[in-house]
Amino acid sequence: MKILLICGVGASSGFIAQAMRRAAKSRGIEVKILARSESELMDNIDSASCLLIGPHLAYQEEMIKNSIAQYNVPYTFIPEDIYGAIDGDGALDVALSIIKK
Amino acid sequence: MKVENKFIVWMKTSFSPKLTKLCQNHYVAAVQKSIMTVLPIIMIGSFITVLTLARQVTFLAWIPDLSLINQFSFGLMSIFIALLIPIKFMEEKSSPKFKNIAALTSLGTFLVLLMPTFDGELGTMNFMLDKIGTGGMLCAVFVGLITAKIFYEAGKHSFFKEDTAMPDIIVNMFDSMLPVMFCLLLGVISYKVNFDIYAILRMAFNPLGTIAQTIPGVVLIAFAEAFLYSFGFTWILFPIQWTIWMDGIAANAAAVAAGGVASNICLMETYNGMFNIGGVGATLTLVLLMCFSKSRKLKSIGRVSFIPAILNINEPVVFGAPIAYNPILMIPFWLNAIMMSLVGSIAYRIGLVAIPSAVNQLWYFPTIIQGFINSGIGGVVLCIVLTGLSLLIWYPFFKVYESDIVTQEVAKLSK
């Protein structure tokens, strides 16, 4: 399982990714979590199980949706309160909930 | 409804959708993504700046002079951009058919338009350094976008019917040859008749660059950046800012190398390396206030955003506090952007603090360290002064917001 996170330059999402890795480890879930800049989205989307996007990129939704359409990867925006609190557990729940669908 | 609420609703329902549409424009997106892709290689130049500084210390003088690395990273910026734009554009359009050949054609056409001179005897082709570096960026963007568009349109048509007897390789070759020929021909014709697109674009951009380098220009850009950010738009201004910044620092470096003084103050080194203490809107001191807040919510968000804030990353606090779409914290956020850039610019302009003159894009270094790298002790002092000022600006607004949140928390508990 690979979860891809994107934000502006991959800096703030890096902190979330770190928190998610900790959360996954404590739950015993085997998962690879990557944080990347949105300009690297297309280079990393290929094998991703799901895509989480920083709330500050909400204005790009249409574009992101179109460019990843062919890959059939489920995506969602990380809710602002989870992002703001760097809540790894919460973000992991969000990711798992869209993967199952 | 209060005026401030009306304003927020208007921003949400009218302004934001329009801006959103603009950002989804494929041309805008291609430029933005190309620049983002170039960032890591440009950042190498910043390490060279640090090394060069270290070499001035006697016991570190053994470090070799590696500044040539700058020439082959930062100094080739326009070439990188010319190559990347068609690739990013095609990816945006989900039409990768000709993306590589479009990139190569864009590069070829761009180089012709720089009007190189040939020396038959030496067997050399000569380019102005500035044109392949920061100076040629507008031309690179222009050529990249046009080439991308031409190839995108060409990709929709074919000379052959789908059931043609011709092998695919021949079909593809012919189909891509026409747009290659077309682009290069345009370039070569411009070259032959001496139609200097590079010079025209520079001239058109010149007024904007000049205004941006004045104190009001610097302040206006800082405000616009914070304003857009507070409504959730983070990277919109970046391509324009970046072009101005790169031009500015290249000119400063050239001026100092020629024995003159640096004069441009609209730089990445002044914004991300000085004004934006803790991120846009100088949020480091807000995070500090939050760390010691009476509100449980604010305190916990303050604590998790502290390390990001030291590294000038403030998305967590902007969305966590939140500042975005929150009138009470938006105002000091804008005010800080204005005051930091205003006081900072004045300090640079009147010569209290040395204007940065070497590339340093290490924006994730604490600003006080960046201040030292860019401007020596003066930079450190300015950073301390600005940090204090930002604390004064945040404090009253934070107190009002905090008491609101504490009231809410108490109400929740007593339920």
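**Notes on the predicted model: chains A and B**

1. Strand β3 of chain A, residues 50–53, pairs with β4(A) in the parallel sense, and 3 bridges join them.

2. Now the whole sheet. Chain A has an open sheet of 4 strands, and reading across gives the order β2-β1-β3-β4, with parallel pairing. The edge positions go to β2 (32–37) and β4 (75–77) of chain A; each has a single partner strand, so one side of each lacks a neighbour in the sheet. From one strand to the next, the twist averages 20°.

3. What lies across β1 and β2 of chain A? Helix α1, residues 12–27 of that chain, does. For reference, β1 covers 2–7, and the helix runs at about 175° to β2(A). So when you look at the β2 edge strand, have α1 in view too, since the helix lies across β2 as well as β1.

4. How much of chain B is buried? Of its 415 residues, 44% are. As for contacts in chain B with a separation of 6 or more, 73% come from residues 24 or more positions apart.

Definitions and conventions
Residues numbered from 1 in each chain as written. Chains lettered and ligands numbered in written order. Predicted model: local features only at pLDDT ≥ 70, side-chain atom pairs only at ≥ 80, totals over all residues. Pairing = 2+ DSSP bridges. Helix = DSSP H or I, 4+ residues; strand = E, 2+ residues; numbered from the N terminus. Axes fitted to C-alpha atoms, helices over the stretch in contact; angles between N-to-C directions. Contact = placed C-beta atoms within 7 Å. Buried ≥ 20, exposed ≤ 12 C-beta atoms within 10 Å, placed from the backbone.
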